[in-house]
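Thanks for taking a look at this one with me. Here are a few notes to read alongside the model.

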Amino acid sequence: MIYSIDKVAQLIGAKRVGKGHDNVIAFLLTDSRSLCFPEETLFFALRSARSDGHLYIKELYDRGVRNFVVEKVPTDNEENYRLANFLLVDNSLQALQLLAERHREMFNIPVVGITGSNGKTVVKEWLSELLVSKYTVTRSPRSYNSQVGVPLSVWLLGNNSEVGIFEAGISQPGEMVALQRIIRPTVGIFTGLGDAHQENFSTMEAKCKEKLELFRGAKAVIYPFDDPIVRKCMVDSESERVDWSLTDRHAAFWVESIEKSDDSTCINFVWRGTTSGSYVLPFIDEASIIDSFACASAALWMGVTVDMLKEKMSTLEPVAMRLEVIEGRNGCTLINDSYNSDFNSLDIALDFMNRRPDHAGRRRTLVLSDILQSGQAEEQLYESVAELCEQRGVEKFIGIGPKLCANKEKFRRVGERVFFPSVSDFIGSKAFAKLHDEVILLKGARVFGFERLTDLLVRKVHETVLEVNLTAVVANLNFYRSFLRPETKLVCMIKADGYGAGAVEIAKTLQEHRVDYLAVAVADEGVTLRKNGITSNIVIMNPEMSSFKTLFDYELEPEVYSFRLLHALVKAAQHEGITGYPVHIKLDTGMHRLGFNPERDMPELIGCLKGQNAIIPRSVFSHFAGADSDNFDTFSDEQFRLFKMGSDMLCNAFSHRILRHMDNSAGIEHFPERQLDMCRLGLGLYGINPRTNSIINNVATLRTTILQLREVKAGQTVGYSRRGTIERDSVVAAIPIGYADGLNRHLGNRNCYCLVNGRPATYVGNICMDVAMIDVTGIPCKEGDSVEIFGDNLPVTVLSDVLGTIPYEVLTTISNRVKRMYFQD
Ligand SMILES: *Cc1c(COP(=O)(O)O)cnc(C)c1O
């Protein structure tokens, strides 16, 4: 559906300013980095505490965008925007939401709104699978469920949409009303109540009520009857109550029995007290089973028959929420997106590929399978896919499947292109053998079996991997940012290879989220970042005297903590003819590690700095020795007093602004009033709260697999020095991780455990260099099964507590041979 610019102006009540043409609008944009079709795009300049879309208007205009929704028309040279249309509004976000509301009103079709603490995306994807043979479904891409994501999703409704399915997520009271107005669900699904974002709500009930706001005016609401809070909140609902229950046979969807086998679950149900049915779900985990109840209830309510439900349920597939980035063979990087293959998620994945700063000298390749069940006419679909590839800068297109083969003509404008009927044909081809130095996005509908491609393209690695969740890194960043004033700058510490998580990928993510500074320990770490396309400011915490030239060459800003270092640095800079090189001055206020003494050194330090022009102080900082514990608060007060004194002297001596910073992760939370101009975030970014030793959003999961299982009889021993005595007949698994991987030897001999299929398995005997043995007696498992050493389900702090150390040490001692694998939800 296409709107004229005047129509949009009228719909959102905006004043049209400027002399642009009467353009048509097909795409809405809120993040300048995602631009794809400039001519038909309407950019909304959104303002938030930390960013302002108005700053990107000029750049977007230069890239061809002509239509802007703004709160303020740019005041720089009018000639700069000769062909622009500005729609002037009071609030751009509200305008975006209003436009989506008006767009929604054009559709008199069933619209499903999904909310709840967990499972929204899975329920959305599965329900869409259940309905797709009956209707053409338009749904939110990935998990676009926020105040911005929901309007963008609803905008996707088009002439051929027969059902809409949209998810809505909130973190604050008051947010749901806006989402309700945009989605206006005719059917609501409440997936369940959990404790996410509870800090912003007074009670669980308050949070539940707020979420249920989404369903105002809906004909029917599907919800779990067995949760007493939800049940209570649903009492005054005016919608038809379509509840599901494991306990109450009067529920609309009564789960009569559940039979689990090794790899599937059979569910017998009674629908509305009269119709019995059953289905086999190809999953056995609790969450999937629960999600299937909501899906089944909704599908039945929407007219899917019991037989159809049974057929479709058995073919449901796991919903991959991840975009994985994996190091491939022959200099390739693989981006593996196994999320359902559809046009919108292809666009998101291509955008993700483009934003990664690692294209230097490498081609952008897309391997795409036929897109199934798009609801669009084939011709038109592949026409749009081809156009998208062109706009998103795909340099090489590899199409897999009969439909793409039949439509190859449409891709004639993509530089290099090849087509194969199946994955096997591609694997046997020259094109496959020739892949090298490319960034390859793999996006295939599941029936095409793209996992065979990934297996062949991934560099063969040790089976032990550290999985790093980049979405969690961003969530942690935002958690700590929430303590800061909008203007407070942030240094993110990615020393020790990003606390073990891998500095390069972490840095790429942080750069994308516009962190002001990155900090590493030594110059070489900084060089690696620069060589991988990191352009952010980088601080070097421990510059070596021998590395000054490297610092200058790669624009790395050193910390300066002593007169010896200061003099040597000035000399080296002068030697290179450098002036005004930024440095960061460290004061020792009580940590007694490195730094100038604020009570003694300031006059001499100021004198030295003023007597030359090779370097200039960019910032001055100190480090709390005990921000993680209230016991040291008096000491911290004294540290802060000394820092104020020393930094005041330095700042007053110079006319330019010198940034002051003192808070680390613990300090940001404990002393937000001491945030000054900047803070330094370390451990918290990696998901560990240093004050409580609890996990914020888990970032790193260390995983391996079972190599071999064996039965060991009572009385025998396991491992070196016969330390692992077996007291009852047992099953012991060997796993390919040892102390050389960073699995501390002191965890052995039943001092700690790992998780096998969710159940704790203790380490038996001494941990070896490359292998460890675990007791899996009574745990259902087989060779090849995954083992979690620590991570999403077993906090790393359990290990550090057993070892009598801190999580920092456990994370940073994971050795280099453990492959890091990155993903985004
Ligand atoms: C490592 C480090 C930090 C970060 O500390 P966390 O406790 O990990 O937040 C901050 N400042 C300096 C000087 C550091 O060396």
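**Notes on the model**

1. Over residues 699–823 the chain is 11% helix and 34% strand, with its end C-alpha atoms 10 Å apart. Helices (H or I, at least four residues) and strands (E, at least two) are DSSP runs, numbered from the N terminus. UniProt, in an unreviewed entry, lists this stretch as "domain: Alanine racemase C-terminal"; such annotations may be inferred rather than shown by experiment.

2. A word on the basis: this is a predicted model, where local features need pLDDT of at least 70, side-chain atom pairs count only at pLDDT 80 or more, and totals for chains, interfaces and linings use all residues. Residues are numbered from 1 along each chain as its sequence is written, and side-chain values use heavy atoms, leaving out hydrogens and water.

3. The unreviewed UniProt entry places "active site" at Lys495 and Tyr720. They span 226 residues in sequence and the farthest two C-alpha atoms are 35.6 Å apart, so they do not all gather at one spot.

4. Lysine 495 sits in helix α18 (residues 495–499). A polar side-chain atom of lysine 495 lies 2.6 Å from an oxygen atom of the ligand, a polar contact being a pair of N or O atoms within 3.5 Å.

5. Tyrosine 720 belongs to the loop between β36 (717–718) and β37 (724–725). Is tyrosine 720 buried or exposed? Its relative accessibility is 59%, so tyrosine 720 counts as exposed (buried is under 20% relative accessible area, exposed over 50%, partly exposed in between, with a 1.4 Å probe and protein chains only).

Methods: Polar contact = N/O pair within 3.5 Å; in protein donor to acceptor, adjacent residues only side chain to side chain.
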